[in-house]
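Suppose a reader opens a model for the first time and wants to know what stands behind each term used for it. The questions after the structure take those terms one at a time.

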Amino acid sequence: MLEIAENGRTWILSGPASSYALHLTAEDELLHLHWGPRIALADAEALAVRPLPEYWPFESPLDGREEYPVEGGPRFTRPALSVRTEVRRGTEWSFEAYDTEGDELRLRFRDDGLTITLHYRMRDDILERWVTLDNQGQDPVELLRADSATWTLPDREDGWRLSQLHGRWAAESLLTRTPLTYGEKVIGSRRGHTGHQHLPWVALDTDATEERGEVYGVALGWSGSWRIAVAQLPDARVQITGGAGYDDSGLLRLAAGESFTTPVFAGLWSDGGFGAASRAWHAYQRAYVIPDADQDRPVLFNSWEATNFDISEEQQRTLARRAAAMGVELFVVDDGWFGARTSDRAGLGDWAPNPDRFPSGLKPLGDYVRELGMQFGIWVEPEMINPDSELYRAHPDWVQYQAGRKRTEFRNQLILNLAREDVQEYLWEQLDTLLSSAPIDYVKWDFNRCFTDAGWPGEPYPQRLWVDHVRGFYALLDRLREAHPGVAFESCSGGGGRIDLGVLSRTDQVWTSDNTDPLDRLAIQDGFSQIHPARVMAAWVTDSPNTQLNGRVSSLRFRFVSAMAGVLGVGGDLAEWTEEELAEAGRWVKLYKEIRPLVQHGDLYRLRPPRGGLSAVQYVRGGETVVLAWLQAQKYGEPVPSLRLRGLDPTASYECPETGEVHRGVILLHHGLRTGLRGDLDATVIRLRRI
Ligand code: DGJ
């Protein structure tokens with residue numbers, strides 16, 4: 001809901017539980033008024049007439065209070081907008097007008113030829129903010145920095161605490177909470193993609209728990225380099241600003257008539273603790289971000305850990321038969337099916353099936369997989385190129401490179417310059433042909449290295465490739481989705497290197513991590529769940545001992561229950577699994593399909609975080625609930641604690657369909673459920689239905 005004061009200078013956007021208000025002063029200063037519990041327009045107007053504090057000239061009363069601090073004038077905070085023209089730097093804007101479209105509010109400002117429009121849209125209790133910059137003047141304008149939004153927190157006497165999701169390859173989205181102190185905490189990526197190192201999300205609280213307390217969260221929808229800066233100013237006020245690009249050295253140059261729309265930066269206030277905040281983020285993404293989120297994601301098999309690059313059609317058929325018998329619904333051939341790709345040294349760029357491995361293309365295998373009753377999927381990495389490829393031999397200038405400098409290879413590959421239209425067109429033709437050549441239902445889209453030599457010889461403003469690569473990637477995905485509406489896409493970047501709200505608005509799921517060790521995964525998944533829903537969190541059951549990372553031995557039970565907390569997949573070498581293992585796997589897959597509606601579409605309650613002993617999550621949907629619990633290690637023979645469940649009706653009773661046991665809701669909520677777990681690396685799934 002959007003309300004506007006009569007004078008047209010105070011606005012308030014409200015969701016079911018929260019409000020966000022802003023006010024334009026007579027001097028055209030756009031001030032933040034409120035972000036928190038739901039308030040009325042009259043409350044916002046009362047806040048609007050409160051005078052700004054008076055400071056000695058060493059501080060600015062605007063700092064920490066503006067909606068979108070621009071560079072220049074009486075401001076000392078980090079600017080959200082930094083602009084340069086031939087004649088000067090900085091912005092001095094005047095208000096032009098506001099307008100609304102549906103529930104979107106737009107405030108338009110002008111500084112000479114540059115129009116700056118701030119956009120606000122409340123979706124449930126998530127506020128989406130973004131900015132458009134239109135150069136309507138005659139001369140070019142350089143955007144050194146154009147953040148999507150600045151968020152202002154209320155004054156609190158207790159210090160703020162910052163939650164973030166940090167990591168690296170095979171250790172993504174690890175949750176950490178630290179007190180915020182004076183100065184700035186900056187996270188981001190200067191790698192050209194979202195990065196494994198930080199998810200573009202932070203949360204701030206003073207004393208919240210999983211169940212209770214005020215939590216502010218913000219998340220950026222951008223899959224290139226990005227930056228979020230959390231600043232505690234000298235008067236202890238806290239502001240968060242963020243957007244595309246890591247530094248302020250130049251984002252884009254807008255020629256006369258050109259415009260730039262920033263990515264969306266979304267924000268949430270919740271007073272139900274970290275759990276309620278996560279559920280609100282999940283519901284928002286399922287309702288507004290993820291395509292077709294109401295549809296179930298199928299159980300998949302992926303060949304990567306089973307075969308690596310050593311693949312053949314016959315071997316894939318064998319795996320497919322075993323996968324189908326287990327109940328798998330989607331069979332995905334990973335890397336190694338195309339060009340001269342028999343190792344990571346060659347082939348990227350040449351997106352035609354390897355004639356030695358697939359003499360009649362992918363269609364026969366695709367048809368076979370379909371006959372087995374499964375969907376068929378393939379792996380691609382379109383933005384990359386091996387120097388040893390037909391494409392590179394034909395177009396060595398199609399990559400990102402600096403004139404006269406060496407071209408840095410990671411994993412023997414370079415990055416195509418997707419900002420170029422000819423590269424875009426080449427990839428479109430290759431991928432469109434590929435998707436038309438075989439019955440392909442699913443594409444795993446990988447990205448296995450960071451930008452290093454982001455140059456573009458001959459281009460007057462090469463810096464633009466940082467933004468335009470991402471825009472090119474998005475455009476290609478959008479075009480392919482439109483031309484092949486039945487095809488689902490997975491975002492992968494060496495595991496979880498490209499997970500953000502931007503890519504999620506055009507992909508169906510993400511590859512969470514290359515770390516498929518079921519124990520490590522619990523922490524990765526716990527962090528992931530702070531912001532993103534299980535509906536997109538792909539998780540595979542692979543071999544034991546773990547082949548990729550640590551050789552850890554774990555039971556099929558533990559591996560399955562770990563992966564069943566997300567979109568279940570199987571990635572082990574099924575040719576080596578015994579008949580008993582295959583049969584047991586089939587029983588887990590069957591159980592997963594039964595609990596899938598709860599996991600993929602239900603509400604998540606994190607009952608205990610994975611910190612060494614017992615951990616558990618619970619999904620609730622309607623009168624059904626399922627608990628997935630893991631015991632890492634039982635110590636000193638101590639009894640394993642009961643799990644106090646959440647989201648149940650205390651007056652109802654719940655029956656476990658497997659055992660027929662009946663539990664009273666109030667007892668489950670207040671005294672807990674006994675799991676029966678013991679020893680090391682034990683796990684269980686407990687279903688309950690309201691009776
Ligand atoms: C990295 C991915 O994360 C893996 O799952 C696999 O697809 C490899 N790339 C293939 O090169």
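What follows is a set of questions and answers that put values beside definitions.

This is a predicted model, in which local features need pLDDT of at least 70 and side-chain atom pairs count only at pLDDT 80 or more, while totals for chains, interfaces and linings use all residues. Residues are numbered from 1 along each chain as its sequence is written, and side-chain values use heavy atoms, with hydrogens and water left out.

Q: What makes residues of domain 1 and domain 2 count as being in contact?
A: Contact means heavy atoms within 4.5 Å, and by that rule 41 residues of domain 1 are in contact with 42 residues of domain 2.

Q: How is the area that domain 1 and domain 2 bury between them defined, and what is its value?
A: Buried area is the accessible area (1.4 Å probe) that two parts lose on being put together, summed over both; for domain 1 and domain 2 it comes to about 3,300 Å², with 60% of it on carbon and sulfur atoms. On the side of domain 1, W222, S223 and Q285 supply 16% of the area buried against domain 2, more than any other three residues.

Q: How many salt bridges does the rule find across the interface of domain 1 and domain 2?
A: A salt bridge needs a side-chain nitrogen of Lys or Arg within 4 Å of a carboxyl oxygen of Asp or Glu, and across this interface the rule finds 0 of them, although the structure holds 47 salt bridges.

Q: Why is the pair E390 and R393 called a salt bridge?
A: The closest N and O atoms of E390 and R393 are 3.3 Å apart, which is within the 4 Å limit, so the pair meets the definition. Because E390 and R393 are 3 residues apart in helix 6 (residues 390-394), about one helical turn separates them; helices here are DSSP runs (H or I, at least four residues) and strands are DSSP runs too (E, at least two), numbered from the N terminus.

Q: What makes the link between the side chains of D649 and R690 a polar contact?
A: A polar contact is a pair of N or O atoms within 3.5 Å; within protein, one must be able to donate a hydrogen and the other to accept it, and residues adjacent in sequence count only if both atoms are side-chain atoms. The side chains of D649 and R690 make such a contact at 2.9 Å, and another of 2.7 Å joins the side chains of D649 and T651. D649 itself is found in the loop between strand 34 (624-633) and strand 35 (653-655).

Q: Which residues come nearest to the ligand?
A: A residue is near a molecule if one of its heavy atoms lies within 4 Å of it, and of the 14 residues around the ligand, D334, D335, K444, D446 and D514 come nearest. A polar side-chain atom of D514 lies 2.4 Å from an oxygen atom of the ligand.

Q: What is the omega of the cis peptide bond that joins S544 and P545?
A: Omega is about -5° for this cis bond between S544 and P545, whereas most peptide bonds are trans.
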